[in-house]
Amino acid sequence: MDIRRRNNSPTMVPVNMKSNVMNTQNVPAEADRVLDITGEVCPMTFVRTRLALDAMAPGQTLLVLLRGDEPRLNVPRTAAEQGHQVLAQDTDATGVTRLMLRRR
């Protein structure tokens, strides 16, 4: 699922997305859901991430697209503190971080 904003309210739409950036054996080729929070700032970055994780079944994966140093550090740390698994994290040349999480 991809969360896209319409009039500042997130909506979920299905997305099939292959991840070519994260090349790790334990990381699924596809995420079960995709959350684009590149336009959000802390603390809303983790609020949106947590809401997406809460709506998922245990074991499902969430690909989070985020931007900025604060979310890049805080979102994976907070997700791990809540028991979710951080599978991979990569930042591209444009400054967008792709964070793959597995729901606990």
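Helices (H or I, at least four residues) and strands (E, at least two) are DSSP runs, numbered from the N terminus. By that rule, the protein chain has two helices and six strands. Their order along the sequence is β-β-β-α-β-α-β-β. This is a predicted model: local features need pLDDT of at least 70, side-chain atom pairs count only at pLDDT 80 or more, and totals for chains, interfaces and linings use all residues. Residues are numbered from 1 along each chain as its sequence is written, and side-chain values use heavy atoms, with hydrogens and water left out.

**Burial**
- Of the 104 residues in the protein chain, 38% are buried (under 20% relative accessible area; exposed is over 50%, partly exposed in between; 1.4 Å probe, protein chains only).
- Helix 1 spans residues 44–54, and its buried residues are Thr45, Phe46, Arg48, Thr49, Ala52 and Leu53.
- Seen down the axis, these buried residues fall within an arc of 160°, so they line one face of helix 1 (the arc is that of the directions from the helix axis to the C-beta atoms).

**Salt bridges**
- The structure holds four salt bridges (a side-chain nitrogen of Lys or Arg within 4 Å of a carboxyl oxygen of Asp or Glu).
- One of them joins Arg48 and Glu40 at 3.3 Å, N to O.
- Arg48 is buried at 16% relative accessible area, and Glu40 is buried at 12%.
- Arg50 pairs with Asp54, with the closest N and O atoms 3.7 Å apart.
- Both Arg50 and Asp54 lie in helix 1, four residues apart, about one turn of the helix.
- Asp69 bridges to Arg72, with the closest N and O atoms 3.0 Å apart.
- Asp69 is exposed at 53%, while Arg72 is partly exposed at 26%.
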